[in-house]
Amino acid sequence: MSNLTYTVIFYLFAAITVFSAGFVVFSRNVIYSAFSLLFTFFGAAALYVFLSADFIAVTQVVVYVGGILVLILFGVMFTNSIMQSKPKSDIINIVPGILLLAAIIGALLFTFYTSHSWMPSETTLQGSIVQRIGFETMSRYVLPFEMASILLLAALIGAAYLARFEKPGNNEH
Amino acid sequence: MPFLMGNTLNVWSQAIASFQPMGLPLGLVILAAIPLVFIALYSLTYGVYGERKISAFMQDRLGPMEVGKWGILQTLADILKLIQKEDIVPTNADKFLFVIGPGVLFVGSFLAYAVLPFSPAFIGANLNVGLFYAIGIVALEVVGILAAGWGSNNKWSLYGAVRSVAQIVSYEIPAAIALLCGAMMAGTLDMQKITMLQSGSLGFAHFYLFQSPIAWLPFLIYFIASLAEVNRAPFDIPEAESELVAGYFTEYSGMKFAVIFLAEYGSMFMVSAIISIVFLGGWNSPLPNIGSFALNDLTSGPAWGAFWLIMKGFFFIFVQMWLRWTLPRLRVDQLMYLCWKVLTPFAFVSFVLTAIWEIYVP
């Protein structure tokens with residue numbers, strides 16, 4: 001593909017990501033916000049593909065679209081009164097908010113422009129990325145990997161305990 | 001014909017992808033359109049007509065017989081009728097979600113076709129994370145189902161959508177672990193490489209299903225879990241006619257209904273192709289070389305590859321239809337019991353056994 005095509009596709013995905021993210025924030029309908037998040041996640045995954053990190057891109061889709069977005073949608077749909085009651089979404093504290101926003105964006109842009117440019121890695125990537133990630137997770141980063149899995153297991157057991165209908169203390173009524 | 005008989009990998013798809021009139025990447029669009037045409041053709045012929053005929057055979061009926069010889073043109077007549085139907089959107093439905101729901105659903109089932117190697121010469125995108133992508137992209141289908149179910153503003157639709165999503169999310173776990181066993185035997189996630197590792201002059205004996213005695217377990221687990229992922233019987237509680245009218249597509253009619261059906265047939269072939277690629281050698285010919293009679297070499301090649309993969313996929317679709325008209329529907333609690341207390345533990349067992357087999361058995 002020519003360079004122009006790449007650029008066009010890149011800006012297309014960047015625009016999808018930014019506009020859908022803006023819609024998530026500014027929409028007053030929670031359901032629309034949640035569904036708009038889908039396009040943000042997919043746009044971000046596409047940007048990962050442009051950085052030739054396809055494993056990260058697919059992981060992004062699995063974790064965020066398959067896990068978190070579905071969880072959010074479930075939460076929103078099971079909250080019965082979500083469409084009846086007006087969620088509080090007034091615009092308050094305009095001046096401090098804008099000041100904070102300007103400060104954060106200014107600081108970010110300042111660091112972005114004054115710090116060094118992209119640092120290319122000294123060793124070039126050889127072979128498949130997945131293989132490399134697999135080796136690194138199972139050798140150098142095996143302890144953090146196992147710790148994360150134990151943490152997730154504990155969270156799973158805790159969630160199963162909280163969700164049980166018959167708790168030991170609830171038997172009297 | 002060198003074009004049909006070339007031995008280099010992915011020659012067809014690369015030839016199509018490099019077709020760029022005036023610098024426009026038109027070839028990539030054509031490349032993406034080929035699976036689309038395939039889905040449409042197969043669901044029209046084998047999907048709808050085949051399912052009606054097979055169900056008729058199972059129930060000792062005749063099935064469609066009026067339009068054309070043996071009712072062979074019945075599906076065309078149905079399509080003509082569906083196109084002419086009025087596009088109904090219920091007054092109280094959420095217009096936007098109601099309209100995009102079937103679209104997102106179909107895109108979700110269609111996206112995985114990008115990594116299916118249809119033949120040694122044709123694959124949409126030869127990713128090195130192909131199998132992982134094929135498992136993960138199903139998530140989009142879940143969002144489409146939720147959009148359709150919520151957008152209809154109908155209790156049956158919402159219940160159908162919630163059931164369907166709970167089922168897909170749960171059965172993804174045994175399905176993914178079972179496919180991981182296949183990936184572990186291959187040592188790669190690249191679909192084209194997984195298929196190539198299963199080729200050889202002995203035909204079917206090189207398929208992973210026949211390479212280790214343990215492979216049968218993940219094969220069966222993935223087949224059962226894939227039935228639940230595509231909402232087919234005995235796991236069709238999201239569209240249980242006797243309880244929920246039609247589940248998440250109760251309110252749909254006309255072409256939107258047709259798109260939902262197309263998505264269902266699309267994902268049926270997708271899971272059948274994935275199970276054929278990981279455990280049954282994908283586009284490899286199952287026929288062995290018999291002595292000096294090179295039956296395997298005769299039935300290999302780009303065009304034969306496409307034939308074998310599609311035939312293997314169609315075989316599993318036939319089994320899906322067969323089960324649909326044979327087995328009764330599971331209850332919700334039985335469904336969750338089967339997933340979490342039967343399939344997931346067995347998937348873990350097969351995972352550990354496959355790892356031991358791969359390390360200690362040469």
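1. Helix α7 of chain B is mostly covered in this predicted model, with 13 of its 13 residues counted as buried.

2. The largest nonpolar core contains 118 residues, and the members with the most contacts inside it are B:I137, B:A139, B:V143, B:L146, B:A161, B:A178 and B:A225. In soluble globular proteins, nonpolar side chains tend to be buried together. As for B:A178, once residues up to four places away in sequence are set aside, its contacts are with B:P218, B:I221, B:Y222, B:A225, B:A347 and B:S350.

3. Turning to chain A, its secondary structure amounts to six helices and zero strands, so that the order of elements from the N terminus reads α-α-α-α-α-α. Of the 173 residues in chain A, 14% count as buried. Among the contacts in chain A with a separation of 6 or more, 49% are accounted for by residues 24 or more positions apart.

4. The domain assignment divides chain A into domain 1, covering residues 1-84, and domain 2, covering residues 129-165. Taken over C-alpha atoms, the centres of domain 1 and domain 2 of chain A are separated by 25 Å.

5. Where the two chains meet, the contact draws on 20 residues from chain A and 20 residues from chain B. On the side of chain A that touches chain B, at least two residues each are supplied by α2 (30-50), α3 (54-78) and α5 (129-138) of chain A, and the largest share, 11 residues, comes from α3(A). By residue type, this side of chain A divides into 15 nonpolar residues, four polar and one charged.

6. On confidence, the mean pLDDT of chain B is 83, and 97% of the residues of chain B reach 70 or more. Within chain B, confidence is lowest in helix α1 (residues 2-5), where the mean is 46, and highest in helix α10 (residues 216-229), where it is 90. For the model, the scores are ipTM 0.77 and pTM 0.84.

Note on methods:
Residues numbered from 1 in each chain as written. Chains lettered and ligands numbered in written order. Predicted model: local features only at pLDDT ≥ 70, side-chain atom pairs only at ≥ 80, totals over all residues. Contact = placed C-beta atoms within 7 Å. Helix = DSSP H or I, 4+ residues; strand = E, 2+ residues; numbered from the N terminus. Nonpolar A, V, L, I, M, F, W, Y, C, P; charged D, E, K, R; others polar. Buried ≥ 20, exposed ≤ 12 C-beta atoms within 10 Å, placed from the backbone. Domains from an automatic or database assignment. Core = buried A, V, L, I, M, F, W, Y, C linked by C-beta atoms within 7 Å. pLDDT = per-residue confidence, 0-100.
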